[in-house]
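Thanks for coming. Please have a look at it first.

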Amino acid sequence: MARSIWSGYITFGLVSVPVGLYSATEEHELDFHQFQRGTSDRIRYKRVNERTGREVAYDKIVKGHDLGNGKYVVVEPSELDDIAPGKSRSLEIDTFVDLDEIDPIHFQKTYYLGPKQGDNASSYGLLRDALVKTNRAGIAKFVMRGKEYLAAIRAQDKVLVLETMYFADEIRDPVAELDDLPAKSRAGKQLTMAADLVEAMSGEWKPSAYKDTYTERVKKLVETKRKGKEVVYSEEEPEATTPTDLVSALRASVEAARKSRTAKRTTKKPAAKKTAAKKTARKKAS
């Protein structure tokens, strides 16, 4: 069984539920070291004093906050430890909110919450089932590894899920960050056709249908180079659709999407007939 990376209690009202926190995701990436080109010499990084060029021991390093104009406020590691959040073991739910009201931009990283004590599994299940019934998420704050997190606790199938969240002031204003955002569309015909295309391309969310093709290409590249061969990938960059071509592009896209959907339905029909035939055969046999 996986080892919890944090353990404590979910508290709401006068109820306390012992839980453990577990990683819910993992990234599949190939690790690369750095080498000097043409050699097998590894590249290493050192902490170096930029004035003297000498390496500095880790325990001799302090942190400094840049005030501008070459001025810094120097802070000792012990001073940061003194003001760090305590080793709290509480996930205290402040309020329950409608899950659909949380903009996904607030979600940071996903973890599983598992029941920590067998005797208290029923209280864990009760909270989980109540969240399912109400479609709510519990909003809480907790401390992990010397850092305070905002979190949303929600239910997913049989498990409670914790989403660490960005605080409101950590989310950038898109209007301030991005230039020339277009106004609300007034092109009635184009908007209707765009909506038709969205509907024609709509389908069920199937996570397993999506694969990390880039990592697979990297693996293939490494394996091919290991064999002394060379791989050449050619991929054309798409060109932006001009306003004059937009209507024709939308129309053609809608037609293609509808044909594709019709073709998928046609291929599924024989399977349905086969199932029906099996059911008929079973009835006759009985």
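How far apart should the ends of helix H4 be, given its 13 residues? This is a predicted model, so please keep that in mind throughout. H4 covers residues 188-200, and at 1.5 Å a residue it should span 18 Å. The end C-alpha atoms are 18 Å apart, which agrees with that expectation.

Staying with H4, which of its residues are buried? They are Met 193, Leu 197 and Ala 200. Looking down the helix axis, these buried residues fall within an arc of 65 degrees, so they line one face of H4. Val 198 and Glu 199 are on the other side of H4, and they are exposed.

Next, the aromatic residues. The model has three aromatic pairs. One of them joins Trp 6 and Phe 142, with 5.3 Å from centre to centre and 75 degrees between the planes, and that arrangement is edge-to-face. The pair links distant parts of the chain, since Trp 6 is in strand E1, residues 6-12, and Phe 142 is in strand E7, residues 136-144. The two residues are 136 residues apart.

Are these two buried or exposed? The cut-off for buried is under 20% relative accessible area. Trp 6 has 4% relative accessibility, so Trp 6 counts as buried. Phe 142 is at 2%, and is therefore buried as well. Together with Tyr 149, Trp 6 and Phe 142 form one aromatic cluster.

Tyr 149 also has a charge over its ring: the charged end of Lys 147 sits there, 5.5 Å from the ring centre. There is another such arrangement at Tyr 111, where Lys 109 lies over the face of the ring, at 5.8 Å from its centre.

Now to the pockets. Rolling a probe the size of a water molecule over the atoms shows where empty space is left. The largest pocket has a volume of about 500 Å³. Its lining consists of 15 residues, and Ser 202, Gly 203, Glu 204, Arg 261 and Lys 264 are the ones nearest the centre. Which element gives the largest share of that lining? Helix H6, residues 246-285, does, with six residues.

Leu 160 has 0% relative accessibility, so it counts as buried.

Note on methods. Residues are numbered from 1 along each chain as its sequence is written. This is a predicted model: local features need pLDDT of at least 70, side-chain atom pairs count only at pLDDT 80 or more; totals for chains, interfaces and linings use all residues. Side-chain values use heavy atoms; hydrogens and water are left out. Helices (H or I, at least four residues) and strands (E, at least two) are DSSP runs, numbered from the N terminus. The expected span of a helix is 1.5 Å times one less than its number of residues. Buried means under 20% relative accessible area, exposed over 50%, partly exposed in between (1.4 Å probe, protein chains only). The arc is that of the directions from the helix axis to the C-beta atoms. Rings of Phe, Tyr and Trp (its six-membered ring) pair if their centres lie within 6.5 Å; planes under 30 degrees apart count as stacked, over 60 as edge-to-face and the rest as tilted. A charge sits over a ring if NZ of Lys or CZ of Arg is within 6 Å of the ring centre and within 35 degrees of the ring normal. On a 1 Å grid over the protein atoms alone, a cavity is a set of points where a 1.4 Å probe fits but cannot get out, and a pocket is an open set with protein on both sides within 12 Å along at least five of seven lines; lining residues have an atom within 4 Å of a point. Grid points are joined across faces, edges and corners, and a volume is the space filled by probe spheres set on the points.
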